[in-house]
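Please open the structure in a viewer and keep the selection tool at hand.

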Amino acid sequence: MADTAMSVDEKFCLSEVLDTFKSCLTENKEVIIDKYVAGWRGLVRFMNSLGSIFSFISKDAVSKIQIMVNLRNGENGEQYFTIQSMVKYELDNSLVDITKRGSHPESGCRTLLRLHRALRWLELFLERLRTSAEDSKTSVMCSEAYSESLAQFHPWLIQKAAGMAFCALPGRLTFFEVMNVGSPEQVVAMLGEALPLISEVYQITEDLYAKHDLLGIP
Ligand SMILES: CCCCCCCCCCCCC/C=C/[C@@H](O)[C@H](COP(=O)(O)O)NC(=O)CCCCCCCCCCCCCCC
């Protein structure tokens, strides 16, 4: 599964990316890893279009996406169909370093946890964007969402670098335009539809990880 859809001139629309998260859930509320990863891939493309100052963030996200893709393409790939089947498979086969780093630094459970924490940031940021006033600053919304979520898992230096990158975010209207969804009203409506599904995917994963005591994988 090579990363092919990266051409710069390709127009893309953020609502399609957010729809991918909608398509993550199976009928019995399991989270399909291929779709989850495809959602992240789309978000990373969006972030790359905002400028190279974000490339240290997208590099890390891409490397995590790649770990998940490799697991899916590996010999036990079918075990990684959903987050639920992955957790069961990796725990049953002692493939996760649960309390301290050891021989499984790139387990699916650990890697997905990093993306899962970032999904919380996304949820908070999008909710702020959705309810923001015309003169609100995207950099402020982004850094507030970050402080409430991912920041607690990042060392000081990463927090500083992230804070600097946030300052380079375009203003609210330009940001909405890059999303390529339509008028600001249409963006707000689209976010209103997408957010409950992102929250649901987040909550299902959170509950699953909590049930198995996996929220602190180092
Ligand atoms: C559009 C603005 C983009 C702001 C992105 C906010 C998230 C800031 C994250 C900063 C991460 C810095 C890079 C390094 C991270 C790692 O240290 C750290 C820990 O990994 P380790 O345990 O393997 O060492 N990694 C992580 O926490 C995973 C971070 C994954 C970040 C993915 C961010 C993708 C953002 C997509 C933006 C899309 C915005 C769409 C809004 C309409």
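In the counts that follow, Ala, Val, Leu, Ile, Met, Phe, Trp, Tyr, Cys and Pro are taken as nonpolar, Asp, Glu, Lys and Arg as charged, and the others, including Gly, as polar. The model on display is a predicted one.

**First stop: the annotated span**

Select residues 33–180. An unreviewed UniProt entry gives this stretch the annotation "domain: Glycolipid transfer protein". The span is 67% helix and 0% strand, and its end C-alpha atoms are 26 Å apart.

**Second stop: the largest pocket**

Next, select Met47, Ile57, Ala118, Leu150 and His154. Of the 33 residues that line the largest pocket, these five lie nearest its centre. The pocket holds about 840 Å³ of space.

Now colour the helices around the pocket. Two or more lining residues come from each of helix H2 (33–48), helix H3 (55–73), H5, helix H6 (138–147), helix H7 (156–167) and helix H8 (172–179). Which element gives the largest share of the lining? That element is H5, with nine residues.

Colouring the lining by class shows 27 nonpolar residues, five charged residues and one polar residue.

Keep two of the pocket helices, H2 and H3, in view. Two packed helices are described by the angle between their axes and the distance between the axes. For H2 and H3, the angle is about 160° and the axes are 10 Å apart. Angles over 145 degrees count as roughly antiparallel, and H2 and H3 are therefore roughly antiparallel to each other. The crossing of H2 with H3 is left-handed.

Select residues 108–131, which form helix H5, together with residues 184–211, which form helix H9. These two helices pack with their axes 9 Å apart, at an angle of about 150°. H5 is therefore roughly antiparallel to H9. Their crossing is left-handed. In the contact of H5 with H9, the residues comprise 14 nonpolar, five polar and five charged.

**Last stop: H8 and H9**

How do the axes of H8 and H9 cross, and within what distance do they come? They cross at roughly 70° and come within 10 Å. Because of that angle, H8 is roughly perpendicular to H9. The crossing of H8 and H9 is left-handed.

Definitions and conventions: Residues are numbered from 1 along each chain as its sequence is written. This is a predicted model: local features need pLDDT of at least 70, side-chain atom pairs count only at pLDDT 80 or more; totals for chains, interfaces and linings use all residues. Side-chain values use heavy atoms; hydrogens and water are left out. Axes are lines fitted to C-alpha atoms, for helices over the stretch in contact, and angles run from 0 to 180 degrees between N-to-C directions. Helices (H or I, at least four residues) and strands (E, at least two) are DSSP runs, numbered from the N terminus. Angles under 35 degrees count as roughly parallel, over 145 as roughly antiparallel, 65 to 115 as roughly perpendicular and the rest as oblique. A crossing is left-handed if the near helix is turned anticlockwise from the far one by less than a right angle, and right-handed if clockwise. UniProt positions are given in the numbering used here, feature names are shortened, and annotations may be inferred rather than shown by experiment. On a 1 Å grid over the protein atoms alone, a cavity is a set of points where a 1.4 Å probe fits but cannot get out, and a pocket is an open set with protein on both sides within 12 Å along at least five of seven lines; lining residues have an atom within 4 Å of a point. Grid points are joined across faces, edges and corners, and a volume is the space filled by probe spheres set on the points.
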